[in-house]
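Biologist: Before we discuss charged side chains, please bring up the model, and then let us go through its pairs one at a time.

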Amino acid sequence: MKNYRILDLLRRGRSPLENHLIDGLVDGRVSRRDFIRHGSLLGLSLPLLGGITTAAGLGAMPSLARAGAPGATIRVGSSVPAATIDPVTIADAGGLLVMQQVAEFLCVDGPDLVLKPALAESWKPNDNGTVWTFKLRKGVKFHSGGEMKADDVVASIDRLADPANSSNALSVLTGILQKGASKKVDDYTVEFHLDAPNGNFPYMLSSDNYNAVIIPATYKGDYEKSFDGTGPFKIEKYTAKVGASFVRNEDYWGEKALPDRTEFTFFADMQPQILALQGGQIDIINQMPVLSGVALLNDPNVDIISLKSSAHQQLHMRCDDGPLKDARVRRAIALCLDRDKLAAGLMKGRSALGNDSPFAAVYPSTDTTIPQRKQDIAQAKQLMEAAGVGQGFKVTLTTERYLEIPEYAQLIQNWVKEIGVELELNILDQGAYYGDAVFGKSNWLDSVMGITDYGHRGVPNVYLAAPLKSEGTWNAAHFKNKDYDALATSYIAALDLEAQKADAGKIQKLLLEETPVIFGYFYDYLTATAKGVTGVQPTAMSQLFLEKASKA
């Protein structure tokens with residue numbers, strides 16, 4: 001039953017944008033899940049969102065699980081940090097995992113893609129989404145002693161937005177937020193003045209942008225000496241290439257962490273991690289790839305935490321040269337893939353089908369009415385004939401030795417044989433594949449065809465811009481399409497969920513027609529824990545929140 005009296009009370013003082021979202025929920029145009037996620041993005045508090053869904057007759061927010069016993073030492077296996085740990089430049093899973101144990105974000109993107117307040121208590125956009133105002137939590141202390149205030153937030157984000165710093169976060173912030181555009185209003189209020197309207201901006205300052213941790217304004221580099229942050233754990237010891245340990249922060253602003261200590265052991269590859277978990281030397285494997293982790297999927301002594309994600313392997317095809325210049329040829333190759341086999345066989349049921357656009361099933365803005373592309377060899381052959389390459393051609397696919405990508409490449413190689421395409425595989429280690437990650441100096445960006453791993457993001461903005469916009473920094477397909485650029489810009493600017501969905505549908509159709517990139521599947525993010533270990537909260541970005549972890 002809908003309670004209109006309470007709904008009217010809850011609507012008071014809400015912006016037209018917020019009330020439009022509430023209308024969508026009450027009228028049934030917006031689902032409860034999408035309402036909570038989009039409402040959190042607009043800065044509505046979780047208690048308020050729960051109150052609105054209850055008044056709309058859709059039930060309250062789920063209550064949090066009961067806490068476990070305090071006092072454990074939680075032991076984690078992870079990949080070796082690939083470089084010196086520095087919040088500005090860190091780009092690898094092992095490094096960002098260590099940093100995230102001590103340093104925190106303004107808000108956190110949970111497994112349900114709902115944004116939750118952390119160092120910021122609330123945020124909201126102006127009328128057109130060009131300025132977002134964040135209110136900071138009071139009384140938060142850095143491990144080094146000072147209180148976290150607006151100056152620290154401004155300095156932290158300016159460091160990331162400064163092109164002179166080789167910041168890894170420029171892939172997120174370029175064209176969105178410049179150095180100097182983060183402004184202190186008072187000690188607990190910061191305004192972010194954007195280059196253009198952006199309806200998903202809070203995700204750019206959340207755990208979704210793993211560099212965006214808040215550290216003191218006085219930071220001058222050499223993070224491994226201090227590991228200073230505001231988090232529930234403090235550094236005890238860090239040994240490069242070996243491991244790290246942390247202890248509970250007794251001065252933490254929130255609920256104190258349950259574990260006394262956490263220990264991280266770095267492993268060069270997966271097999272020793274699996275043996276360590278089975279042998280009782282570690283309690284958690286932070287990320288477990290499905291193929292190398294098959295032994296654990298059915299192990300009765302192991303629990304698998306499985307998160308639906310937008311992580312995927314992009315197969316790009318050069319749109320400016322050779323036979324792949326013709327969109328009909330690119331569509332023909334896409335029609336060779338048996339996506340059901342990919343999901344069931346290669347990914348052991350731990351993935352969702354891709355439909356050749358970044359719009360994964362997990363996103364509320366994805367238009368689910370667009371038909372799923374399926375294997376159709378007869379149609380693929382017709383397209384090859386129409387494009388004048390019915391006899392086939394030879395081409396090299398260059399890729400990285402990572403997760404299940406080499407096996408994926410072999411499956412594609414077999415499937416495209418049916419239409420006369422002879423695919424030669426060039427599988428490199430990751431360093432050689434990415435090179436300098438700039439055009440002219442990167443096997444990834446300069447290859448005619450390639451497969452690249454893209455980690456999870458809570459909103460599709462980065463995927464829509466960097467690999468697909470004409471001037472995108474990661475546009476390995478060399479795809480240049482003015483209609484696409486305009487649609488992507490429009491989607492990114494939209495503050496309203498229904499407007500986002502309308503643009504998403506147009507983008508999905510255009511990319512099926514053009515097919516510069518094949519999105520075969522979106523893989524689940526898997527974390528393995530020993531039986532009896534509870535309260536572990538991974539994210540599909542490779543983070544691991546352990547403050548509620550305990551052991552039986």
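Biologist: In this predicted model, is Asp303 buried, exposed or partly exposed?
Modeller: The relative accessible area of Asp303 is 27%. Buried would require under 20% and exposed over 50%, so with a value in between those limits Asp303 is classed as partly exposed.

Biologist: With which residue does Asp303 form a salt bridge?
Modeller: The criterion asks for a side-chain nitrogen of Lys or Arg within 4 Å of a carboxyl oxygen of Asp or Glu, and here the closest N and O atoms are 2.5 Å apart. The pair links distant parts of the chain, with Asp303 in strand β12 (residues 302-307) and its partner in the loop between β19 (525-530) and β20 (533-534), 228 residues apart. That partner, partly exposed at 47% relative accessibility, is Lys531.

Biologist: Which helix holds Asp23, the salt-bridge partner of Arg11?
Modeller: The side chains of Arg11 and Asp23 meet at 2.7 Å, N to O, and Asp23 is partly exposed, with a relative accessible area of 29%.

Biologist: In the salt bridge between Glu250 and Arg248, which residue is buried?
Modeller: The two side chains meet at 3.3 Å, N to O. Glu250 has a relative accessible area of 49%, and is therefore partly exposed. Because buried means under 20%, the residue at 19% qualifies, and that residue is Arg248.

Biologist: How many salt bridges does a search of the whole structure find?
Modeller: Some of them share partners, joining Glu147, Lys149, Asp151, Lys184 and Asp187 into one network. For the whole structure, the search finds 29.

Conventions. Residues numbered from 1 in each chain as written. Predicted model: local features only at pLDDT ≥ 70, side-chain atom pairs only at ≥ 80, totals over all residues. Heavy atoms only, no water. Buried < 20%, exposed > 50% of the residue type's maximum accessible area, 1.4 Å probe, protein only. Helix = DSSP H or I, 4+ residues; strand = E, 2+ residues; numbered from the N terminus.
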